[in-house]
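Welcome! Here is a short briefing to read alongside the sequence and the 3D view.

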Amino acid sequence: MSSSSSAPGLSPIADAAPVSLCTRQPHVPADRLVAEMVPPPRFDSVRFSTYIPDPNQPSQTEAVGVLEGFATGLGGAHATGEARRGFLGFGRSRTPKVPAGPRGVYLDGGYGVGKTHLLASLWHATPAEPALKAFGTFVELTNLVGALGFQQTVRTLSGHRLLCIDEFELDDPGDTVLVSTLLGKLVEAGVALAATSNTLPGKLGEGRFASADFLREIQGLSAHFRALRIDGEDYRHRGLPEAPAPYSDEQVTKAAYAAEGASLDDFPHLLEHLAKVHPSRYGALTDGLKAVCLTDVGAVPDQSTALRLVVLADRLYDREVPVLASGLPFDQLFSDEMLNGGYRKKYFRAISRLTALARDAKRLVDPH
């Protein structure tokens, strides 16, 4: 997929002109949503052995040991003693017994301390074939329920050994109840759970964490979780240089034409386009991209737009797609009101991730 014309005054340097995200309207069938419930490409190769604990934060080392033991304990037969039957879990012959003891772990920590790395490592370390393990964000799980329906989602996942949920959305009461009910059904079916979460509005403080909020919101499921606190600062800022300053429109455009697999979009137009695409499709929106180039980056105008941008930033970060931009630096995307509001952790996460991707994009302008 490529745009049909070149930018004014420029000839394509790559085989084709850069694509425009604004021309893409991806359709994502339900079976793809199920098949893609695996750790994202950024975390394909992570393992417990590749997690480097901060020596000043002993809770990080402790968490690795506990999770390694948890993964080992998930070996052998499904917790109910039943084998998975039929496509999407159909054909179960009896109501399973609730397994004894904690069947879940909750990773409790601020953004950037490696919770997703550890969650993906748990998925990789659990001794079961990939089809019996699922990994997704809270948003991806709610999208699955929307695509399949509640009962079909229960049947789809109830034969799994493990379900990992990244960024459990404690700031959305309706979806929290929906997913908590779903998890209750899965616990009854013997599925082990692992989760990370964001925090409730007004609870972030100085990066303090959310275990009490999480356990309260999942109510009857709390007894099935062991909370593991992971202290530390955002690893993306440990000893790393500051994010590069934004480039000029000309530099970004030239880089987009020179780089194979790059997209090129005006930032305000991209924000408008995101409103026309369901967030469950943002991953597909970025299919095949090796770089995203944006001109005229400016402050996000409202909270609905900001939340859509957060989802896009997550999908780009998961896929390790560098982002080259002109305009405002990424730490000026969100207003003070947004950064002090109930969704502030989402916005800080987006800033952190986009900053990391901006560093990665520097090679598009200066390959040396």
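Which element gives the most to the lining of the largest pocket? That is α11, with eight residues. Please keep in mind that this is a predicted model.

**The largest pocket**
- The space in the largest pocket comes to about 940 Å³.
- Its lining is made up of 44 residues, and the closest to the pocket's centre are Thr 137, Val 139, Glu 140, Val 311 and Arg 315.
- Two or more lining residues come from each of α1 (30-35), β2 (133-137), α4 (138-148), β3 (162-168), α10 (282-285), α11 (303-318) and α13 (344-365).
- By class, the lining has 18 charged, 17 nonpolar and nine polar residues.

**Where α11 meets α13**
- On the α11 side, the contact is made by Gln 303, Ala 306, Leu 307, Val 310, Ala 313, Asp 314, Leu 316, Tyr 317 and Asp 318.
- On the α13 side, the contact is made by Lys 346, Tyr 347, Arg 349, Ala 350, Arg 353, Leu 354, Ala 356 and Leu 357.
- Sorted by class, the residues in the contact of α11 with α13 are eleven nonpolar, five charged and one polar.

Technical notes
Residues numbered from 1 in each chain as written. Predicted model: local features only at pLDDT ≥ 70, side-chain atom pairs only at ≥ 80, totals over all residues. Heavy atoms only, no water. 1 Å grid on protein atoms, 1.4 Å probe; cavity = no way out; pocket = protein on both sides within 12 Å on 5 of 7 lines; lining within 4 Å. Points joined across faces, edges and corners; volume = space filled by probe spheres on them. Helix = DSSP H or I, 4+ residues; strand = E, 2+ residues; numbered from the N terminus. Nonpolar A, V, L, I, M, F, W, Y, C, P; charged D, E, K, R; others polar. Contact = heavy atoms within 4.5 Å.
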